[in-house]
Amino acid sequence: MSNNSILVIGGGFSGLTAALEAAEVGHEVFIVEKMPYLGGRVAQLKHYFPKLCPPSCGLEINFQRIKNNPRVKYFTLAEVVGVSGGPGNYEVKIRIKPRYVNNNCTACDKCVEVCPVERNSDFDFNVGKTKAIYRPHLMSFPMRYVIDDQVCEGTSCAKCVEACEYQAIDLEEKEKEITLNVGSLLVATGWVPYDVEKLTNLGGGQIPNVITNMQLERLAAPAGPTDGKIQRPSDGAEPKRIAFVQCAGSRDQNHLDYCSYICCMASLKHCTYIREQYPDAEVVIYYIDLRAPGRYEKFLNNIQQDEKVLMVKGKVAKIEEEPGSGDVIVTAEDIMGGLKVEERFNLVVLATGMQPSIAVEDLALDVAKDDQGFIIGGEEKGVFAVGCAKMPLDVMTSAETATGAALKAIQTVRR
Amino acid sequence: MADKKIGVYICTGCEIGENVNMEKVTEYIDEECSPAVMKQVPFLCGKEGLAQIQNDIDGEGVNRVCVAACSPRVMWDVFDFGPDVVVDRANIRELAVWSFHDPGLPEPEEDEMSDPLTMMVRDYIKMSVAKLDRKTKPEAEPIELDKTIMVLGGGLTGLTAALDTAETGYDVVLVEKEDKLGGFAAKMYKQTPTKHPYEKAEAPSINELISRVEANDKIKVMTKTSLQLIKGAPGKFKATVKQGDEEQVLSIGSVILATGWKPYDASKLDSLGYGKIKNVVTNVELEQLAKNGKLNRPSDGQPVLSAAFIQCAGQRDAEHLSYCSSVCCMGSLKQAGYIRELNDEAKAYIFYKDMRTPGVYENYYRAAQDDPGIFLTKSEIQEVTEGENGKVLVKVTDNLLGEDFEVEVDLLVLATGMVPTIADEPVLKLGYRLGEQIPDLDLFDGFAD
Amino acid sequence: MATRLEPNVQFIREMQAAGGESLKKCYQCATCSVVCPLSPEEAPFPRKEMVWAQWGLKDKLVNDIDIWLCHNCGECSDNCPRGAKPADLLAALRNMAYKSLARPAIVGEWMSSAKYLPILFAIPAVIFLIVWAVSTGLKIPEGTIIFAKVFPTLAAIDPIFILTVLFVVFTFAASIGKMFSSFKESGLTPKEDAPGFLMSLIGVVKDEIINHRKFKECESNKDRYPGHLLVFYGFVALAIVTGIVAFFYWTDKLFGFGMTTPLALWNPVKILANAGGIALIVGLVYLTRSRLNADPKKSVNSYYDWYLIGVIWFVVVTGFLAQIFRLADAAAPAYIVYYLHLVSVFMLFAYLPWSKLAHLVYRTVALAYARQIGRKGLSE
Ligand SMILES: Cc1cc2nc3c(=O)[nH]c(=O)nc-3n(C[C@H](O)[C@H](O)[C@H](O)COP(=O)(O)OP(=O)(O)OC[C@H]3O[C@@H](n4cnc5c(N)ncnc54)[C@H](O)[C@@H]3O)c2cc1C
Ligand SMILES: Cc1cc2nc3c(=O)[nH]c(=O)nc-3n(C[C@H](O)[C@H](O)[C@H](O)COP(=O)(O)OP(=O)(O)OC[C@H]3O[C@@H](n4cnc5c(N)ncnc54)[C@H](O)[C@@H]3O)c2cc1C
Ligand code: HEM
Ligand code: SF4
Ligand code: SF4
Ligand code: SF4
Ligand code: SF4
Ligand code: SF4
Ligand code: SF4
């Protein structure tokens, strides 16, 4: 008799969807998420297309479904460390890192006020800071604080422990390991932004006013580090001319050898963010192909109506800082115009792509991957990849793959 | 359910106690709602706080609990006292205490009035109590659900849905209006790659899918069948279908809509020569010519030594289809291969606006273009005219080659787009007051939302 | 009236065979034109060459001056996202130009593939074998080793090489004429106020060739600058030596003063010769190493590349070995190696217009013309 439960690795949009679909048909589901919150990358966006909802929109519905469904159990700060057995009968070892904050935490923020240590916020892609003890983000689920033990000074400090009226902090919490028995595994480990430091000719990570599209999401997000104001990192100035560099590291055999699917749409979406704040800002989008497939075309059309948004066919291959002004000089060939041009911008956004997260940090699971790190097999073992772990996709299609794979997982455990 | 007995528990932690005049609040609530129990607790979500509530439930028979504390987004799992106790959260922390900014109103003169924050808090609690007071627990009415699923449309989508439904253990009725299953996929000569490394067109896999569906005894296939009417409600639909002259009523739990698409009406593309020039065909027609092994010039049956593909023939155009059909760039790359395999000297031109092969399909683009006989350029079509000997002349501007030019080809293929079948026909035929289709927001040009 | 295009598929295949095999992979992103340190603002290269090549537009490509402005630094290929290797395409186009510009065409054919190498070798091998047969009946002469005993300067070597040089000069004159008209055909003509060709030529030599300025801008391949510089000056040194030796040979013959070969090792001319030879070797090591280390994903070495490097190695190695054997008084090896040296020198010079070394003329001419029409890199 095969085990009826399903394990979902990764609690992003795909993982949540897959987990809930399976749980709502009656299966016990475990979500293993390595971050301190569920929701994945979508939680970091300001809005998401096609309808430009804030992420809380789609995510909160799913969290509500989790809250109301006792069959879904989730572990944050957790990672799979070993998988044995076979389809219908897997034994999965999971390591849970200490959060140092238990569920007494009322999210009152007292501890943050007293904590002396600051850290770069990885949630904000380093454009913002938090204390060593912090709330993962404004809409975090679970809404519980967490301590970054890489920077926390520990028991020698313990200021937070003192400040916490609810005995929510335990600086001596230890790592735990648990074992789960499940019948099938869904891999929803999603993506990481491609490392811009590798894009040396584009000034990635070197030039202050060259940022990534995900950093722009955080700058524009109302609860982000600038309270939603899009500004230049170097001096906080309002940008008047902004360039988007499409395919920054994607469709490139020296970097990501596939199209990241969403970055054209993401940049078009970003035009709406900019227009919202700066009615007169000029935007130039440098592209190879504008990929707004299917019904997204409408979105492209809307942006094309904007006279101050120019779209230039020709990839940017050189970006340099103008000494002194902090401005950025972008070189591209305007192919349709037949000219190689240098243009000056206040802010440049690299539309970097999505790299499968397991290409950067491998998963303790034996499953076939392509040379880029996308999962291409596993069905025969009852292992199914969904969302951006399978291929680069938008949220909507990720959710579709999740639903489909949940069905396959159910078939596996019912066999 | 037994008598309602309401308990109000006000948390004084998280800055609530310090900022709210609790005396005034309790006084007011007592007066207005007179709950059975009302308590102020310093740390309501903590062990002791919860124990107090539990005590009152056990001892006093409290069965409706107003938790006047934080937002239900926090501590959502701790205030759970079993199925017989109804809990409501009065969010006085986030919605009142934490978000309150003193508007600087003058102190109330009359003594019974409170400061604005206290007024907010007491109103939230009053609303919560009112809610608890009026709420009745719904009684479930178990109904017998039909577990059979109807799949409407037997194309690739419908077949896949039917098979997976059956393999998960449900009975399926597959309704297809044509006499054969497979939809457009069954009319294709080759299919674009479906597997890593996504580089080569494949033999269509649809026949295997069809035979698996036909062999599955949980799936009842009804071809040449049309749907007449769906009545009832989810879990309890009655679907009237007509096969030949015979009508039947099926009991169905839910419906999967998979009626696919139809090609855009190419007669509207006369500006691109369709209908005027014999050797202008659509991509759908080309697919069938290739499938039937007759990829020749329609005008005279002569072999095709050169073909041009015009992408977005109608799509991405406000006058025709305002959306992109997603598949026709891939389709033309594939079909250019058909032209090339006829003759090693054959040439295929593809004129695109943007080459849309997103995601991993980029691999196919790269592999397909690596052929000396395939010529691609971004461009705008200026004019299509008829040349000598049945040739077609295509003039293009705004291209990558640096100047306007024309090519002369044996065959011009218009990469036309897909129109959803539900765009102008009420396919679902719902016997509902709201209309025969599922109402949607009209966001997606006729595609279901 | 729009131009009618008819892609020349045969030409595409030729380009692919001549080294541009990946040209069809290009998806026209223009990364290459941007990263190219030499590409000009207007109609930058090599993106446009890539699309012309994909479309088999032979007319445009054979008249394109830009293939000569490219210094094959490989920056474009290194950054090309598709592995389309634009630098290799331009190199292939140059190879095809070597083949098509100079007459008789048959030599170009022989130069285009390794399978004809035996012919190229056999021609000088037979010529010098005949000389040897006539002079000493293919025997190794007794006594001090003097190469002129076997290969008499006046009777054989000078006439052969003077004829060769005349042949080469004549060939180049014709092909440079062709080159000019092809540039004009592509619509590039100097403006009224443009400097004259000679002025431009002097400018090019002064600003670009002497200091190898454009090689220095190459970031992808750091070995090329020292490599080419050393080879170039090595050649210049050897050319000067040859000139001096020839000059004094004739003064000696006619007026009785001068030098006779072999020169003593301390003779300044001999020192210059050896220094040039060493520069050549060191330069060759650089160039060979960079070719051997090339990442096949970024660039592929063509037969033209190896022919040139190979023949220069052949010249240098046989030259030095001949000298060493002579000093070591090993007669048989010395004469045989010297024979091979003559063969190699012939292979280098007599086929020059068809080989990659023809670039020394074509590039110089094209650069001078580009200067006249004001075509220069965006960053210049
Ligand atoms: C700039 C930008 C803007 C975008 N905007 C939009 C938009 O507007 N609309 C849209 O539809 N899409 C958008 N996308 C795409 C969208 O982000 C993805 O489609 C979506 O995040 C995919 O969800 P996922 O669950 O597959 O992956 P993720 O969101 O990456 O979730 C994966 C989860 O798995 C966890 N995880 C990873 N590895 C492990 C491990 N080893 N163990 C346990 N857990 C692990 C991660 O922490 C994460 O929570 C955008 C992308 C970018 C780059
Ligand atoms: C030229 C061209 C080439 C293409 N090539 C490829 C390719 O190589 N690879 C690829 O993946 N995709 C390709 N596509 C796209 C592919 O055709 C579609 O994705 C696919 O057909 C979708 O399948 P479907 O089942 O949703 O719809 P369909 O194939 O349209 O099937 C719908 C089915 O429903 C039936 N039906 C319709 N109305 C009713 C009704 N009222 N009641 C009952 N039944 C009904 C129809 O008869 C049909 O059998 C191509 C498209 C075009 C235009
Ligand atoms: C005596 C004169 C010259 C000699 C002996 C010489 C020799 C060489 C050699 C051996 C190479 C091959 C390098 C390699 O394979 O990597 C080369 C390449 C090159 N030379 Fe010269 N050269 C001479 C003159 C010139 C001049 C005058 C120019 C410039 C204007 C020039 C420009 C180049 C360029 C750009 C290359 C790289 C081209 C390529 O690899 O395809 N050379 N040269
Ligand atoms: S850990 Fe304690 S102090 Fe910090 S937010 Fe949670 S309850 Fe408040
Ligand atoms: S113990 Fe760590 S988290 Fe707590 S206050 Fe000190 S540094 Fe901050
Ligand atoms: S979606 Fe657009 S920007 Fe992103 S990789 Fe694809 S083509 Fe490039
Ligand atoms: S041809 Fe390409 S871009 Fe045009 S509608 Fe079709 S898929 Fe979209
Ligand atoms: S050769 Fe490479 S870099 Fe240049 S346009 Fe083509 S794909 Fe882009
Ligand atoms: S090889 Fe160098 S010089 Fe030649 S086109 Fe490429 S980048 Fe420019």
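**Ligand shells and an iron site**

Mentor: Let's start in chain A of this predicted model: β14 (241-248) and α6 (263-277) each supply at least two residues of the shell around ligand 6.

Trainee: Which residues surround ligand 6?

Mentor: They are A:Gln246, A:Cys247, A:Ser250, A:Arg251, A:Cys259, A:Ser260, A:Tyr261, A:Ile262, A:Cys263, A:Cys264, A:Asp289 and A:Arg291. By class, six of the shell residues are nonpolar, three polar and three charged.

Trainee: And how does the shell around ligand 7 divide by class?

Mentor: That shell has five nonpolar, four polar and three charged residues. Among its members are B:Gln311, B:Cys312, B:Arg316, B:Asp354 and B:Arg356.

Trainee: Now the iron atom of ligand 3: which residues coordinate it?

Mentor: C:His228 and C:His359 do, each through NE2, at 1.9 to 2.0 Å. C:His228 sits in helix α13 (residues 224-255) and C:His359 in helix α17 (residues 359-373), so the pair, 131 residues apart, links distant parts of chain C.

Trainee: What makes the site of the iron atom of ligand 3 octahedral?

Mentor: The iron has six donor atoms, with angles of 84 to 180° among them. Six donors count as octahedral if opposite ones are over 155 degrees apart and all others between 65 and 115, and this site is octahedral.

Trainee: Why does C:His228 count as partly exposed?

Mentor: Its relative accessibility is 21%. Buried means under 20% and exposed over 50%, so C:His228 falls in between and is partly exposed.

Trainee: Is C:His359 buried or exposed?

Mentor: Buried, because its relative accessible area is 14%, and the cut-off for buried is under 20%.

Conventions. Residues are numbered from 1 along each chain as its sequence is written. Chains are lettered from A and ligands numbered from 1 in the order in which they are written. This is a predicted model: local features need pLDDT of at least 70, side-chain atom pairs count only at pLDDT 80 or more; totals for chains, interfaces and linings use all residues. Side-chain values use heavy atoms; hydrogens and water are left out. A residue is near a molecule or strand if one of its heavy atoms lies within 4 Å of it. Helices (H or I, at least four residues) and strands (E, at least two) are DSSP runs, numbered from the N terminus. Ala, Val, Leu, Ile, Met, Phe, Trp, Tyr, Cys and Pro count as nonpolar, Asp, Glu, Lys and Arg as charged, and the others, Gly among them, as polar. Donors are N, O and S atoms within 2.8 Å of the metal (3.2 Å for Na, K and Ca); water is not among the atoms, so sites may look incomplete. Four donors count as tetrahedral if all angles lie between 85 and 135 degrees; four count as square planar and six as octahedral if opposite donors are over 155 degrees apart and all others between 65 and 115; anything else is irregular. Buried means under 20% relative accessible area, exposed over 50%, partly exposed in between (1.4 Å probe, protein chains only).
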